[in-house]
Amino acid sequence: MSVTNAKIIDRIYPLPVQRLLRISMVLAFVVFIVEMALIYSEPSLGLRLLWFATIPLAPMILLVAPNAWVSICPISTVQTFSHRFGQNPHRRLSPRITAKLQAFGWVLMIAGIPTRHLFFNSVGWATFWTALAILAVVLAAGLLFRSLSGWCVGACPIRPIEVLYGQFALDKNRPEKCTDCSACIPSCQRLVPENSHSELHRSSLTANIAMGFPGFVAAYFLLDLLNVCDIEHAFFAGTGAQGSDLLRLAGAVYGWMAAGFVVSWAAFFVLRRRLKERTLFRAIALSAFTAYYLGVAPEIREAWSLPFWSIPAMLIPPAVAMAWALWPSKLTDRTSRTPA
Ligand code: SF4
């Protein structure tokens, strides 16, 4: 494509905030390296830190400030390594390829989440080497394509969650990594995060996946709570039973999560006839957010052997984040500024 750098002057973080985000980015990267080293050498501790301390912070940040998340995400930091050293390639992906990569990211998310139960929550080497492989892909994307295209605003399987939760974005600035926007992709959700739902209206594939997502998340945690999948329980208890009868477990995990997806899809399919599209996708995002924290809080308690009262205590921050995002004046402000 023949587009040169686009000089966009609005929605830039003030300089002190940019500095703060850069410091946070370095800290997040150091935490990521330490966690990866622990996952390799002390998987029991490293995996707990990653899945049951660090990752549960992400949905809250994505709900109120998705572009602040992009500013500090260690994976996107790796994608921008070469750019920070003056090597931002000129190659831009076409709108068609970008749309295909983004659709692939949605499929990757749905196919990948169940594997957490089977391997990634409890098998250190699987998580370590998969993370390394992803970093290699991301580094290559940064060397080949402009700015965040290819991975961060392309095939990344976390991006769909940014799209869903980003509808409520209170922080509307571009990521620190995009202060000088290079127009790396068309229709970029980072420029107007609160309009990220437009992707859901554009593509029936992503709309349908989004409709099944809340039930899919709920089923993921029900597998644990109802003891259908006991891999994590064995891992937390240190009895090392993971890997036993993996085929049966894979069938149970994918079967339950597919059933949760279908129930959720059917419920939102019925609601779709009664609600405005924007209201529907907001309801989907809030349902998934609620299911996530109701499910993850008992897992965190078990992972760290915390007392029972820690569960309601852990639900306070996500409840505050949700109330903040839904505060009537902020919601009205966003609605009045965004096209239907
Ligand atoms: S990701 Fe979006 S905001 Fe960032 S450089 Fe690319 S087009 Fe600009």
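Guide: Helix 3 (58-64) and helix 15 are among what covers the buried residues of helix 16. Before going further, please keep in mind that this is a predicted model. The buried residues of helix 16 are Pro318, Ala321 and Ala325.

Now follow helix 16 from end to end. Helix 16 takes in residues 310-326, which makes 17 residues. From its first C-alpha to its last, helix 16 reaches 25 Å, close to the 24 Å expected at 1.5 Å a residue. Look along the helix for isoleucine 316, where there is a kink of about 25°. That kink comes shortly before proline 317.

In helix 7, a bend of about 35° sits at proline 114. At 1.5 Å a residue, a straight helix of 26 residues would span 38 Å, but helix 7 spans only 33 Å between its end C-alpha atoms. Proline 114 is also one of the buried residues of helix 7, a list that includes Trp106, His117 and Phe120. Several helices take part in covering those buried residues, including helix 8 (124-144), helix 12 (204-225) and helix 14 (246-272).

Because valine 107 has 15 C-beta neighbours inside 10 Å, it counts as partly exposed; a buried residue would need 20 or more.

Let's return to helix 15, one of the elements covering helix 16. The largest nonpolar core has 68 residues, and among those with the most contacts inside it are Leu63, Ala210, Ile284 and Ala288. Helix 15 (residues 277-303) gives the most to this core, with 11 residues. Apart from that core lies another, of five residues, with Ile39, Leu47, Trp51 and Phe128 among them. Back in the largest core, take alanine 210: leaving aside neighbours within four places in sequence, alanine 210 is in contact with Leu164, Leu200, Phe281 and Ile284.

One last stop is the ligand. It is surrounded by 13 residues, and the closest are Ser147, Cys178, Cys181, Cys184 and Cys188. By class, this shell holds nine nonpolar, two polar and two charged residues.

Notes. Residues are numbered from 1 along each chain as its sequence is written. This is a predicted model: local features need pLDDT of at least 70, side-chain atom pairs count only at pLDDT 80 or more; totals for chains, interfaces and linings use all residues. A residue is near a molecule or strand if its C-beta atom, placed from the backbone, lies within 6 Å of it. Ala, Val, Leu, Ile, Met, Phe, Trp, Tyr, Cys and Pro count as nonpolar, Asp, Glu, Lys and Arg as charged, and the others, Gly among them, as polar. A residue is buried if 20 or more other C-beta atoms lie within 10 Å of its own, exposed if 12 or fewer, and partly exposed in between; C-beta atoms are placed from the backbone. Helices (H or I, at least four residues) and strands (E, at least two) are DSSP runs, numbered from the N terminus. The expected span of a helix is 1.5 Å times one less than its number of residues. The bend at a residue is the angle between axes fitted to the seven residues ending there and the seven starting there. Two residues are in contact if their C-beta atoms, placed from the backbone, lie within 7 Å. A nonpolar core is a set of buried Ala, Val, Leu, Ile, Met, Phe, Trp, Tyr and Cys residues joined through C-beta atoms within 7 Å.
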